[in-house]
Amino acid sequence: MSDEHTTPQGSRPSHRTAAIIPAAGRGVRLGPGAPKALRALGGLPMLVHAVRAMARARAVALVVVVAPPDGVSEVRRMLDEHPLPDGGTEVLVVPGGETRQQSVRHGLDALPVGVDAVLVHDAARPLVPVDTVEAVISALRDGAPAVVPAVPLADTVKEVEPAVGRAWEQVLGTPDRSRLRAVQTPQGFDRAVLAEAHERVACEGEGATDDAGMVERLGRPVVLVPGHEEAFKVTRPLDLVLAEAVLARRRAHDGY
Ligand code: CTP
Ligand code: MG
């Protein structure tokens, strides 16, 4: 049997790496329209950009897309219409859940035996550069069980008391900005560590918005690598304008 994970030189990589792309959200903050991952950016669905961003990393042999539960066949068809340029990466589509945490769980459950490193990447971060993906994979290979790309904050952050029944929120404190980081995806994990986190951390309310936070709750170390400004999350309408501008800049600069 041929082994699709074998490198062109014929040697096996020490890790078999898969990427899970949670794409089952509705994109409420983006406003009315199709589910966020299916909205167009530069003429292609956001999800296609995200899948390509993962497949561009040579180590990624499998991408598991977690689609809206009622949209699995639509997403499958859409991905088949936009095949990966280099073909070598397998793409599975599975149905998602009510929360991001549940959607990631569904993706984890679909991973085949033999995968031992997992990236979890938001479909809503379609423009992450391959160097950021490679930096996460490289830290995993160097032995970190959980790796997160992160950037310093531009804004100062206040901790507040929610304004329940009062006119104003009250400030409780101002954390030292130099010690804060905004985290991005792909977050990378030793598969067993991420599976244990999803096994042991219950999904409460909206669930975890960040897989690394679940690993932290197990008491396992999480390390950071430099993130990238182009790995921003498309959340609100203005983010679409920024994403189109990034794509236009790439086209102008390197014929992307
Ligand atoms: N996600 C998911 N399953 C859910 C909720 C979210 O797979 N039940 C995914 C989204 O598709 C997205 C990523 O998690 O790629 C990050 O979530 P977010 O940016 O919050 O996207 P949405 O939940 O779609 O947006 P909103 O919160 O504005 O509705
Ligand atoms: Mg959300």
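How many nonpolar, polar and charged residues are in the lining of the largest pocket? In this predicted model, the lining has 10 nonpolar, 11 polar and 10 charged residues.

**The pocket.** Start with the largest pocket, whose volume is about 1000 Å³. Select Gly25, Arg26, Arg29, Thr99 and Arg100: of the 31 lining residues, these are the closest to the pocket's centre.

**From Arg100 to Asp211.** Arg100 belongs to helix α3 (residues 100-109) and Asp211 to helix α6 (residues 211-217), so the bridge links distant parts of the chain, 111 residues apart. Asp211 is buried, with a relative accessible area of 1%.

**Asp122 and Arg125.** Select this pair next: the two side chains meet in a salt bridge (3.2 Å, N to O), and both residues are buried.

**Glu230 and Arg249.** Here the closest N and O atoms of the salt bridge are 2.5 Å apart. Glu230 sits in the loop between β12 (223-226) and α7 (237-254), while Arg249 is in helix α7. Glu230 counts as buried at 11% relative accessibility, whereas Arg249, at 40%, counts as partly exposed. Now show Arg100, Asp122, Arg125 and Asp211 together: salt bridges with shared partners join them into one network.

**The cores.** Move to the largest nonpolar core, which has 38 residues. Leu47, Val51 and Met54 are among those with the most contacts inside it. Color α1 (46-55), one of the elements that supply at least two residues; α1 gives the most, with seven. Centre on Val51: beyond its sequence neighbours within four places, Val51 contacts Ile21, Val63, Val65, Leu79, Leu84 and Val91. Apart from this core lies another, of 24 residues, including Ala18, Val64, Val118 and Phe189.

Methods: Residues numbered from 1 in each chain as written. Chains lettered and ligands numbered in written order. Predicted model: local features only at pLDDT ≥ 70, side-chain atom pairs only at ≥ 80, totals over all residues. Heavy atoms only, no water. Core = buried A, V, L, I, M, F, W, Y, C linked by side-chain atoms within 4.5 Å. Buried < 20%, exposed > 50% of the residue type's maximum accessible area, 1.4 Å probe, protein only. Helix = DSSP H or I, 4+ residues; strand = E, 2+ residues; numbered from the N terminus. Contact = heavy atoms within 4.5 Å. 1 Å grid on protein atoms, 1.4 Å probe; cavity = no way out; pocket = protein on both sides within 12 Å on 5 of 7 lines; lining within 4 Å. Points joined across faces, edges and corners; volume = space filled by probe spheres on them. Nonpolar A, V, L, I, M, F, W, Y, C, P; charged D, E, K, R; others polar. Salt bridge = Lys/Arg side-chain N within 4 Å of Asp/Glu carboxyl O.
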